[in-house]
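Hello,

My notes on what was found in it follow.

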Amino acid sequence: MSVELDVFVGNTTIMDKEVYQLWLNGYTVNDAVKVRIEGGVMEECEASAEVLLSDTMDQYRTFQMCERLLHHPAKLANQLLFQIPPDRQAMLIERYYAFDDSFVREVLGKKLSKGTKKDLDDVSTKTGITLKSCRRQFDNFKRVFKVVEELKGPLVENIRQHFLLPDQLARDYAAIVFFANNRFETGKKKLQYLTFQDFAFCAGQLINNWTLGAVDNMTEDMDVDLDKEFLQDLKDLKILITDKDLLDQHKSLVCTALRGKTNVFNEMEANFKNLSRGLVNIAAKLINAKDVRDFFIDLVEKFIEPCRSDKWTSIDMNLYLTHYTNSAHILDTFKHHAVWTRYMGVIKSCILKMYHD
């Protein structure tokens with residue numbers, strides 16, 4: 001019995017985006033075939049289940065062979081085994097390094113170690129993301145962290161150059177590296193309302209303003225470590241709450257500016273000293289590693305929660321923090337203007353991002 005076959009020979013490696021995503025998501029070949037059948041691919045391509053299974057297995061093998069190159073994306077462009085057009089290379093890299101927000105939220109700020117990797121079973125169960133996909137995402141975080149932690153130069157740019165990632169994804173990885181390095185606490189119950197993007201925004205603020213790289217372009221580990229000299233200088237801000245005259249003057253200036261502009265003025269006036277102590281004490285303690293780790297929980301407990309209980313809106317918050325920051329510069333005996341501006345610029349941005357009214 002003779003069989004006729006149509007054969008097409010080409011040198012461009014065929015990769016189906018949908019199958020690639022199924023592979024990335026940790027689907028087995030059989031489960032991937034089921035998804036493809038349910039998606040109507042058999043009718044679309046007039047293919048049998050056997051052909052679909054063979055095609056899926058073949059593409060899975062190709063992806064597995066490409067994976068070692070994806071660990072070092074620059075190698076993908078220089079290898080000769082697979083003929084992959086540049087736009088398809090970019091797609092492979094971007095999707096391989098993409099991650100689920102629900103997954104990263106579970107590991108953000110934790111040490112990227114074997115101990116954390118052992119807990120991925122629980123993370124998989126909690127998020128509904130396959131264990132294989134969790135491991136890929138975790139290993140990507142760890143790989144990027146190891147490559148960039150010792151490099152000089154801007155963190156985002158280093159990630160973009162070494163892993164050929166688009167700008168936003170590189171910024172997200174910078175946030176993950178920064179949080180892992182400083183071990184910020186993100187898992188407490190009071191912080192569960194915050195999304196990864198909330199934290200990523202705050203990480204960008206901290207990186208751009210409070211790290212060594214904010215003042216020196218080619219410092220070792222510049223965008224990963226906080227500027228210790230700046231953290232030491234923050235202790236000088238305590239005069240705003242320890243000097244009674246300064247505290248009273250600051251309150252008077254802020255309240256004068258706010259009167260008649262908000263429905264929660266009475267609450268702002270009554271709580272001014274407690275709120276000011278909260279923000280200044282956070283600053284003064286940041287020289288200690290443990291207090292750096294508790295930075296976000298401190299912001300929530302000492303400032304955001306009291307304001308939320310008094311029913312401040314985001315507009316109220318912005319108004320208050322603007323006048324609170326600016327009024328300090330008018331105080332006669334307050335001399336630490338540069339440190340105050342550098343500190344409160346980040347604090348204001350982070351609080352406004354974290355305040356979901």
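**Domains and overall form**

The protein is split into three parts: domain 1 covers residues 17-97, domain 2 covers 101-214, and domain 3 covers 228-354. Between the C-alpha centres of domain 1 and domain 3 there are 52 Å. Please keep in mind that this is a predicted model, so every value here is computed from predicted coordinates.

What does the secondary structure consist of? There are 21 helices and 0 strands.

How does the radius of gyration compare with that of a compact globule of 357 residues? Such a globule would come to near 21 Å, whereas the protein has 26 Å. Along the principal axes, the C-alpha atoms fill a box of roughly 100 × 45 × 35 Å.

Of the 357 residues, 45% are buried. The accessible surface is about 18200 Å², and carbon and sulfur atoms account for 51% of that surface. As for contacts between residues at least 6 apart in sequence, 69% of them join residues at least 24 apart. The protein has 47 positive and 52 negative charges, and the mean positions of the two sets are 6 Å apart.

**Two buried residues**

W23 is in helix α1, which runs over residues 17-24. Is W23 buried or exposed? Its relative accessible area is 5%, and the cut-off for buried is under 20%, so W23 counts as buried. Leaving out residues up to four places away in sequence, W23 touches Y60, F63, Q64, E67, Y96 and K132. W23 can also be compared in position with T56: the two are 33 residues apart in sequence, and their C-alpha atoms are 9.6 Å apart in space.

R36 belongs to helix α2, residues 29-38. With a relative accessibility of 4%, R36 is buried as well. Which residues does R36 contact, apart from its neighbours within four places in sequence? The list is D16, E18, V19, L22, V41, L52, D55 and T56.

N181 sits in helix α12. Its relative accessible area of 27% makes N181 partly exposed. Beyond the neighbours within four places in sequence, N181 is in contact with F145, V224 and D225. A distance was also computed from N181 to F230: they are 49 residues apart along the chain, and 18 Å separates their C-alpha atoms.

E269 is part of helix α17, residues 265-285. At 28% relative accessibility, E269 is also partly exposed. Where neighbours within four places in sequence are set aside, E269 has contacts with K251, C255 and R259. One of these, C255, is 14 residues from E269 along the chain, with 6.4 Å between the C-alpha atoms.

The last point concerns the backbone. Most residues other than glycine have a negative phi.

R183 has a phi near 55°, which is positive although the residue is not glycine. Where is R183 placed? R183 lies in the loop between α12 (167-182) and α13 (196-210). With 36% relative accessible area, R183 is partly exposed.

K311 has a phi near 65°, again a positive value in a residue other than glycine. K311 is placed in the loop between α19 (295-309) and α20 (314-328). Is K311 buried or exposed? The relative accessibility of K311 is 67%, and the cut-off for exposed is over 50%, so K311 counts as exposed.

**Where to start**

When you open the model, begin with the division into domain 1, domain 2 and domain 3. Then find W23 in helix α1 and R36 in helix α2. After that, go to R183 in the loop between α12 and α13, and finish with K311 in the loop between α19 and α20.

Regards

Conventions:
Residues numbered from 1 in each chain as written. Predicted model: local features only at pLDDT ≥ 70, side-chain atom pairs only at ≥ 80, totals over all residues. Heavy atoms only, no water. Helix = DSSP H or I, 4+ residues; strand = E, 2+ residues; numbered from the N terminus. Rg over C-alpha atoms; globule rule 2.2 N^0.38 Å. Buried < 20%, exposed > 50% of the residue type's maximum accessible area, 1.4 Å probe, protein only. Contact = heavy atoms within 4.5 Å. Areas by Shrake-Rupley, 256 points an atom, 1.4 Å probe, with all protein chains shown as cover. Lys, Arg positive; Asp, Glu negative; His and termini not counted. Charge placed at Lys NZ, Arg CZ, Asp CG, Glu CD. Domains from an automatic or database assignment.
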